[in-house]
Amino acid sequence: MKKTHSWMLYAGLLILFWGVWGAFSSTPVTRYGYPDEMIYVIWSFTMIIPAAFILMRQKFDPRPAATGYGLLIGFTGAGGQLVLFKALALGPEYLIFPIISISPAITVLMAIGFLRERLTKLSVIGLVAVMIALVLFSVTSSNGETGSGPWLLLAVLVCVAWGIQAFFMRKAATIAVNEATTFTWMAVTGLALAPVAIWMMGGLPAGAPWQAPALTGATQILNAIGALFLVMALTRGKASVVAPITNALAPSLTVVISLLVYQTLPTVYGVIAIILALGGSTLMVYNDEKRGEADSGPSSEAEPAHPRMAHPT
């Protein structure tokens with residue numbers, strides 16, 4: 001497909017949608033006491049809308065290999081979402097999303113271990129930065145006290161799950177699994193785990209104010225549609241450009257909105273950790289994408305799968 005400058009529009013919409021979603025995703029829990037598992041259930045249904053849209057643009061790939069990769073990608077992504085909503089119910093968005101943005105480090109390490117890719121100097125710098133960030137996150141909290149609570153472990157689990165998901169996305173790209181197929185399996189597996197979420201909360205909640213599901217639906221549709229914007233941006237632009245921009249700016253917008261809305265400042269350690277996490281992960285993604293572009297040759301149209309595509313699912 002011919003590359004056009006329209007990728008900038010979709011990348012900008014992605015940053016806006018994910019940035020706003022990240023900042024307000026936990027509001028139904030904190031304001032109305034809405035179960036975080038119910039937020040997952042509503043999210044899983046919002047995924048149907050962009051999945052239906054992209055299936056009207058591309059054909060579904062029925063190959064067994066595409067199905068296998070689709071299930072792996074879908075369950076690691078949906079499982080990460082289920083854990084994410086629990087983390088957001090316990091911790092601050094402006095610390096959780098920078099941690100999740102470290103997921104490319106997991107993808108790169110898996111590529112080194114399983115695909116025998118080499119760790120470049122820039123990747124080493126990025127990896128060291130994100131590891132330092134994790135240490136700093138462990139000694140900061142939203143109220144300025146030391147100690148972070150269980151949300152940190154949950155955020156790290158999401159980071160690992162989505163890093164693994166991105167690795168399988170990269171593998172799927174090697175057999176030309178298209179975006180519609182991958183996204184459809186994300187939606188299907190998300191719905192498949194909805195009964196698990198309902199079981200975890202002991203049944204559907206009763207007596208919740210109408211504002212809780214309404215606000216949840218509004219924020220989670222931003223999450224789902226943002227994923228589609230990412231697919232469209234990567235289809236029209238170079239991954240080596242789109243990846244670093246979206247990987248850094250979406251969580252950065254979440255951080256800014258969260259700090260403005262909730263008027264809570266992180267500790268000095270927290271500020272340093274946020275900067276290191278966003279900078280280190282962006283550096284790793286940028287270097288990884290540039291290397292993949294160089295390996296594919298100047299005449300190749302192929303782009304490696306983007307790790308942040310895992311974030312919405």
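## Exercises on an all-helix model

α5 crosses α9 in a left-handed manner. The model is predicted: local features need pLDDT of at least 70, side-chain atom pairs count only at pLDDT 80 or more, and totals for chains, interfaces and linings use all residues. Residues are numbered from 1 along each chain as its sequence is written, and side-chain values use heavy atoms, with hydrogens and water left out.

**Exercise 1.** Describe how α5 packs on α9.

*Solution.*
Step 1. Helix α5 covers residues 64-90 and helix α9 covers residues 150-173; helices (H or I, at least four residues) and strands (E, at least two) are DSSP runs, numbered from the N terminus.
Step 2. The two axes come within 8 Å and cross at roughly 160°. Axes are lines fitted to C-alpha atoms, for helices over the stretch in contact, and angles run from 0 to 180 degrees between N-to-C directions.
Step 3. This angle makes α5 roughly antiparallel to α9 (the term applies over 145 degrees).
Step 4. The crossing of α5 and α9 is left-handed; that is, the near helix is turned anticlockwise from the far one by less than a right angle.
Step 5. Residues of the α5 contact with α9 comprise 19 nonpolar, five polar and two charged. Ala, Val, Leu, Ile, Met, Phe, Trp, Tyr, Cys and Pro count as nonpolar, Asp, Glu, Lys and Arg as charged, and the others, Gly among them, as polar.

**Exercise 2.** Characterise the lining of the second largest pocket.

*Solution.*
Step 1. A pocket is an open set of points on a 1 Å grid over the protein atoms alone, where a 1.4 Å probe fits, with protein on both sides within 12 Å along at least five of seven lines; lining residues have an atom within 4 Å of a point.
Step 2. The second largest pocket has 14 lining residues, and Ser 26, Thr 30, Gly 91, Pro 92 and Glu 93 lie nearest its centre.
Step 3. At least two lining residues come from each of α5, α6 (93-100) and α13 (239-262). The largest share, three residues, is from α5.
Step 4. The lining divides into seven nonpolar, six polar and one charged residues.

**Exercise 3.** Is Ala 176 buried or exposed?

*Solution.*
Step 1. Ala 176 lies in the loop between α9 and α10 (179-192).
Step 2. Its relative accessibility is 58%, so Ala 176 counts as exposed (buried is under 20% relative accessible area, exposed over 50%, partly exposed in between; 1.4 Å probe, protein chains only).
Step 3. Phi of Ala 176 is near 60°, a positive value in a residue other than glycine.

Conventions. Angles under 35 degrees count as roughly parallel, over 145 as roughly antiparallel, 65 to 115 as roughly perpendicular and the rest as oblique.
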